[in-house]
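This briefing is intended for a reader who has the sequence and the model at hand.

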Amino acid sequence: MLVERMTNNLTSQSFFTQKYGTLSVEEAADESKRIEDIAFATANQNYEKQPDGDGGAAVQLYAKECSRLLLEVLKRGPKVEAGKEAESDITSAPREVFFDISKGRRAFIEAEEAEELLKPLKEPGNSYTKICFSNRSFGLEAARVTEPILVSLKNQLKEVDLSDFIAGRPEAEALEVMKLFSDALEGSILRSLNLSNNALGEKGVRAFGSLLKSQTCLEELYLMNDGISKEAAQAVSELIPSTDKLRILQFHNNMTGDEGALAIAEVVKRSPLLEDFRCSSTRIDSEGGVALSLALGTCTHLRKLDLRDNMFGVEGGVALSKALSSHTDLKELYLSYLNLEDEGAITIANVLKDTAPALEVLEMAGNDITAEAASALAACIAQKPHLTSLNLGENELKDEGTIQISKALEGHIKIKEVDMNTNLIRRAGARVLAQTVVQKPGFVLLNINGNFISDEGIDELKNIFKKFPDMLGALDENDPEGGDGDDEESVGNDDDEDELGSKLKNLEVNEEN
């Protein structure tokens, strides 16, 4: 559809076609197809660098590239001479530098198919600098076909993605395949290396030893979902000689534990330029959390930090707060499910209030945070005018805490998403929060599902969002009769809740906290 539209633009009367000339239908169709190919490949590269993203940025880049390249063709005009291909200002398509076999079916690849599939990599003078073999499982014979090709390319390769490339293979065969690839690429000067989703363990990490040891210029390293145990983490720390240029390091979904965290902390200490660090779902408890936090204190260029789903506890939270004091460039902070409790959350909020002025994303869901910490959180949030996403779900902030958070958000014109699900919120808190966010110019979604909002309160919410119903998330898990019956607030009528809301709305955010 986009190709058709661009073809129409290139062949229709407009300011540009009147000034520079109208293309023939055939030439316009060819140019439109080429533009779409280039834009898609460029956007696809962007999406692959953001594995946890929703694709929104890639779609925007896709549209932007199409517009830019279409404008170049319009200004260039039609071919000057019939039968002679006009020169185009469009730069070489990314496909000439990016070889990717991951988009087909997820399946084993054997020698014969590898020979055919990898033919473009054998062409003399090719300019491939990035390869992606993800989503295809290489057997030993296919690996032997691939080995000499990688050897011939290793001096020009800059980015190598070998994620999920041995799935379903017996351990002995998988280890041999990994070693063949590793030896073939040894000595290459890579900028990015992705070994995720390979269940490496220590044996797998060491199978890649020759490649890892030869890397001195790595900027990005991905080891997600790799079975990185204590021993494997120690092997990573041992085998990578230099991480002083590392900007992105991701260890999501491993079984690292406290002892493994100590080894990862050593890697972090040697990575002063780190901008994006992800160590989520790695079974790290308090001891490892403290060690990791101390190491993060040396990374003053951090822009994105994701430590979700570990068990740092209060002690780890306090240690992390000290590290955060040096992270002035931080834009995204993910601290959900760390067992921080009020003490850890308050300590972090108090420090964060005075740093990271450009923070855009803050997540602290599932940390047993109560209304006692709301004042500190609100004071912190109030100092973050660039905030676009706030997630405090699965805590116990109740109406009191929710209204304080709402008040802190009043001046935030960039906020797009707020998640306060499962927080023991009733009608008063829900109403104030809804009234606060519905006024925001670019607001997208409010999630307050799983709370204790009365039926009347639900009707009130729907009325508040009647012009923008898509902004209000699902309410299917709301329990209008939930809560502790002994709680006076829980048994109060709507007038009581209105009075509570009015009182709490007048609370001032205590900035001194």
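Helices (H or I, at least four residues) and strands (E, at least two) are DSSP runs, numbered from the N terminus. The model is predicted, so local features need pLDDT of at least 70 and side-chain atom pairs count only at pLDDT 80 or more, whereas totals for chains, interfaces and linings use all residues. Residues are numbered from 1 along each chain as its sequence is written, and side-chain values use heavy atoms, with hydrogens and water left out. Buried means under 20% relative accessible area, exposed means over 50%, and partly exposed lies in between (1.4 Å probe, protein chains only).

**Salt bridges**

- A salt bridge is a side-chain nitrogen of Lys or Arg within 4 Å of a carboxyl oxygen of Asp or Glu.
- By this criterion, the structure holds 31 salt bridges.
- Side chains of opposite charge can pair when their charged atoms come close.
- Within helix α4, Arg68 and Glu65 stand three residues apart, about one turn of the helix, and they form a salt bridge whose closest N and O atoms are 3.0 Å apart.
- Arg68 is partly exposed at a relative accessible area of 35%, while Glu65 is buried at 12%.
- Lys130 and Glu159 meet through their side chains in a salt bridge of 3.8 Å, N to O.
- Lys130 belongs to strand β3 (residues 130-132) and Glu159 to strand β5 (residues 159-161), so this pair ties together parts that are 29 residues apart in sequence.
- Both partners are buried: Lys130 has a relative accessible area of 9%, and Glu159 has 14%.
- A network of salt bridges links Lys130, Glu159, Arg191, Glu219, Glu220, Arg247 and Glu275.
- Arg144 forms a salt bridge with Glu176, with 3.7 Å between the closest N and O atoms.
- Arg144 lies in helix α7 (residues 140-153) and Glu176 in helix α8 (residues 171-185), so the pair ties together parts that are 32 residues apart in sequence.
- Arg144 is partly exposed at 41% relative accessibility, and Glu176 is partly exposed at 38%.

**Surface charge**

- A patch of negative charge on the surface is formed by Asp455, Glu456, Asp459, Asp479 and Glu481.
- Patches are made of residues with over 30% relative accessible area and no salt bridge; like charges are joined within 9 Å, and nonpolar side chains (Val, Leu, Ile, Met, Phe, Trp, Tyr) within 5 Å.
- Accessible areas come from the Shrake-Rupley method with a 1.4 Å probe, and for residues only the protein chains shown count as cover.
- Lys and Arg count as positive and Asp and Glu as negative, whereas His and the chain ends are not counted.
- The place of a charge is NZ of Lys, CZ of Arg, CG of Asp or CD of Glu.
- Asp455, one of the patch residues, lies in helix α19 (residues 455-464).

**Cysteines**

- With a disulfide defined as a pair of cysteine sulfur atoms within 2.5 Å, the count is zero disulfides.
- Cys279 is buried at a relative accessible area of 1%, and Cys299 is buried at 0%.

**Backbone angles**

- Most residues other than glycine have a negative phi, and most peptide bonds are trans.
- Ala199 has a positive phi of about 45 degrees although it is not a glycine.
- The loop between β6 (192-194) and α9 (201-207) contains Ala199, which is exposed at 64% relative accessibility.
- Lys398, also not a glycine, has a positive phi near 55 degrees.
- Lys398 is located in helix α17 (residues 398-408) and is partly exposed, with a relative accessible area of 33%.

**Separations in sequence and space**

- Ala58 lies in helix α4 (residues 56-76) and is buried at 9% relative accessible area.
- Ala58 and Asn46 are 12 residues apart along the chain, and their C-alpha atoms are separated by 5.8 Å.
- Ala167 is in the loop between β5 and α8 and is partly exposed at 25%.
- Gln215 occupies the loop between α10 (209-213) and β7 (220-222) and is buried at 1%.
- Gln215 and Thr243 are 28 residues apart in sequence and 8.7 Å apart in space, C-alpha to C-alpha.
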